[in-house]
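Thank you all for coming.

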Amino acid sequence: MSASAAAADEHYTSTGLNNRKMVFWAFLGSECMFFGTLISTYLIYKNHSLNGPYAHDVLNIPLTSFSAFVLLMSSLTMVLALASVQRDNVRGAKIWLASTAGLGCIFIGNQIYEFTHFVTHEGLTLQKNMFGASFFVLTGFHGAHVTGGVIWLTTLLVMAFKGKLSSKNSLDVEIAGLYWHFVDIVWIAIFTLVYLIQ
Amino acid sequence: MSDAAHPTTHGEHPTEPAHAHPGASEYLRIAAILTVITAIEVAVFYIPAMAQFLVPVLLVLSAIKFVLVVMFYMHLKFDHPTFTWLFVLGLTIAGAIIISLMLLFDAMVRFHQVHPSA
Amino acid sequence: MSSVTATATTHVHAKPKSQSGVWSWITTVDHKRIAVLYFVTAFFFFVIGGIEAVLMRVQLATPNNTFVDARTFNALFTMHGTTMVFLALMPLSVAFFNLVVPLQLGARDVAFPRLNAFSYWVFLLGGLFMNSSWLFKAAPDTGWFGYANLTSRAFSPGHSVDFWMLGLQFLGIASLAGAFNFIVTILNMRAPGMTFMRMPIFCWMTLVTSFLLVLAFPVITVALILLTFDRFVGTSFFIPQGGGDPVLWQHLFWIFGHPEVYILILPAMGIISEVLPTFSRKPLFGYPFVVYSGVFIGILGFGVWSHHMFSVGLGPIADSVFAITTMLIAIPTGVKIFNWIATLWGGHIRPTTSLLFAVGFIAMFIIGGLSGIEHASPPADLQQTDTYFVVAHFHYVLFGGTILGIFAGLYYWYPKITGRLMDETLGKIHFWLTMIGFNITFFPMHLLGLWGMPRRIYTYDKGLGFDTLNLVCTIGAFIIVIGTLALMWNLVVSLKKGKVAGPDPWDARTLEWSIPSPPPEYNFAVLPTVEHRDDLWERKQAGLGPIPQPPNAHVHMPNPSYWPLVTAFGMLIFFSGLMLSIYMAIFGFAFTIFGIYRWAFEPAS
């Protein structure tokens, strides 16, 4: 068997496409349904609150715009990381993977600040009203996805430092990238539907 | 949209064929566009005169951002159409469900306002 | 396609691995063994669900009976529904996906063998988790649909709803993982030359079912997450006093629940589309119509959910729209039924047990379909909803449809996996007892329902006119039990004493019959090149016979692994921890992550 077919997932496939990449796109299709349902819940419930605070009382547009910008930039660094790996530029890959994970951490930091501020200063909790419940669950699950992404990127970074990342397994980075960009586009939707259209 | 652009040949290569992925300059250009759109979105939010167009303008702008990321950063424009199908199927049904749920709740609330006894 | 020969190269030095013993089953990633595990486990749960049904029938046999109390009865119908849907019918179908799909595609295994093992272990542990509620006297008792706000802390204190909610969430992971696996397997692991329009119908229906699963399950996942927040954190997603709306639960449940109905029926439709042509010795009539109807049913399945909610009062426009989409589904379904009948028409019919069950499917499914069409009309539905008429309807579809289809597949493919045929005499006893018992049990429920007997009541008064028919239903249930015992006896006896099957006992049409029974671990030493739909049949007609396979080939197969089980076990700890202690949940979560990492960095082959 030729050396190129060493990895199990590089065997013959009917479409010529990689199994792991295909399953990941199917997974993202499924994730659309997951976030679609959470967004529906938010949109239905945001005006069901029996008491305040309401969306327009608490949402911090400057901070969230900054978060949205950070996440967009992290998508840029993510594609640059992939491009580096594909050209066997491990040093570049390390830099861009670390930047992506770093930007992800800034996003999470902002979200932690936002949540804490809402709870301590605005009195908005999960139990307070329907806006609070559906807002925290929707954005919280997005934040959990970002956290998972940061852990994934860190794993790749460790692999890079151990010398286990090269153009041969650029697919590992590509799939992590697909996940990361998906988390970004979900935020594009949330930023508009939750923060800007109140 | 993505189907037509660059049909790479498949089936011949058991391993992943190298895509004609765009280079760093292309990625930077997309990032610039995304940043500008985000800035416009926030601006629209703060300009009182735009209030009546706020919803459609924001929906269109964020849809453009969404499509740009999916097509260029997730490479669907350059990749095999199967991936597009897998994603768009979920996306379409999710979108349809968001819209129909909102319509259903709206209709239900209005129905019960008109017919409080029903 | 140069790659074909490359992968077909055989290896002389496969790693030595244990082929028998408990450890080999725990670490197996072979789709055929996983199919056996799925079947045995799902059949076990099928028996449990059956026992629950019989207990209910005993309670309802006579008016004002006190065999079980109201609370136990609630638990019985809840667990009967939940068990049959999630722990019996779905996994029984998955057992056939596992056994048949790779063989029919001409593949050596599924796309992700370890993920496949993971699906099974999650299913097993999830099923045990859900059923362990009986031991703690906390069996779920809010119906399989768990309508809000009956599931809230106020109305369901204790752990019964927790078991249900967390158990379903846990089981959902198994279904999702399995569905992703089969989507990629079918899109990407077809033998060279097997275009989509040459693919066996069973694979097509598996593909549609898998898409329904990956798109419908996230919705129930979210609904269950919201419910979990309501119960554990004190939110009010489904509690009106806090501003929530129980109707949202109904929407989310049925956006999942209606595709789920097709998830249950489409595999059985796929099975009989294989069985009917084989035993009529004719190609399936109108193959493309059957394929497109299946796809159409799948897509429409997402647009009809509110017909489960006509009695909510959604308003006339919503009711009308969903009535129309629901009636539309009758078209592709009718197309399929006519295709099956036309396949039988003029064929050289061999009345094997398998064929009898397939024909039984058509007949019973038509009855279930006709009563279903009646509820598509909102005014009629308002009369029928929550009565035994509905119980009759969905048992005609899910028992008369799915279960009979699964039995047809069982008699058909049993020789492929065991190498021996099932006993035909016992099989026919099983068939007739099941058919007669089934109709005696469920047909009278149509009448009871139309006369006004409500569902989910634990008893009824004398003199309401329900006495005789309820007794008849109970007698029918016992006839089904005897039939099922005949099946179990047959399954065990034929394993040792059945006639030796050989590779192609039915003179069948598809690739799984071109290799030995049971197939070698690697299925195909040489990947077949497919030139026709029903390729084996065409080759036999041309006097060619199956593609020759070198005996005793050494093909490099994926390594066995226990990390899927470890990961699944971590999830069990996590879900139990959500109920018991947050530290246990955190430990379970960490354990799961540990399992995933070891799995990810373990060489696959």
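Before I turn to the interfaces, let me say how I use the word contact: two residues are in contact if their C-beta atoms, placed from the backbone, lie within 7 Å. Please also keep in mind that what you see is a predicted model.

With that in place, the contact between chain A and chain C takes 32 residues from chain A and 36 residues from chain C. On the chain A side, helix 1 (19-45) and helix 5 (130-161) each supply at least two residues, and helix 1 of chain A gives the most, with 13 residues. By class, this side of chain A is made of 18 nonpolar and 14 polar residues, with no charged residues.

Chain A also meets chain B, where 44 residues of chain B are in contact with 43 residues of chain A. The elements of chain B that give two or more residues to this side are helix 1 (24-46), helix 2 (54-73) and helix 3 (81-114), and it is helix 3 of chain B that gives the most, with 15 residues. The chain B side divides into 28 nonpolar, twelve polar and four charged residues.

Chain B itself has three helices and zero strands, and buried residues make up 32% of its 118 residues. If we take the contacts in chain B between residues at least 6 apart in sequence, 60% of them join residues at least 24 apart.

What is the size of the largest nonpolar core? It has 281 residues, and those with the most contacts inside it are C:Ile183 and C:Ala408. Setting aside neighbours within four places in sequence, C:Ala408 is in contact with several residues, among them C:Ile271, C:Val275, C:Phe357 and C:Phe361.

Finally, some backbone details, which I would ask you to look at in the loops. B:His75, in the loop between helix 2 and helix 3 of chain B, has a positive phi of about 65 degrees although it is not a glycine; B:His75 counts as buried because it has 22 C-beta neighbours inside 10 Å. C:Asn64 also has a positive phi, near 50 degrees, but this residue counts as exposed, because it has 8 C-beta neighbours inside 10 Å. In chain C, the peptide bond from C:Ala148 to C:Asn149 is cis, with omega near -5 degrees, and the bond from C:Ser517 to C:Pro518 is cis as well, with omega near -10 degrees.

Conventions
Residues are numbered from 1 along each chain as its sequence is written. Chains are lettered from A and ligands numbered from 1 in the order in which they are written. This is a predicted model: local features need pLDDT of at least 70, side-chain atom pairs count only at pLDDT 80 or more; totals for chains, interfaces and linings use all residues. Helices (H or I, at least four residues) and strands (E, at least two) are DSSP runs, numbered from the N terminus. Ala, Val, Leu, Ile, Met, Phe, Trp, Tyr, Cys and Pro count as nonpolar, Asp, Glu, Lys and Arg as charged, and the others, Gly among them, as polar. A residue is buried if 20 or more other C-beta atoms lie within 10 Å of its own, exposed if 12 or fewer, and partly exposed in between; C-beta atoms are placed from the backbone. A nonpolar core is a set of buried Ala, Val, Leu, Ile, Met, Phe, Trp, Tyr and Cys residues joined through C-beta atoms within 7 Å.
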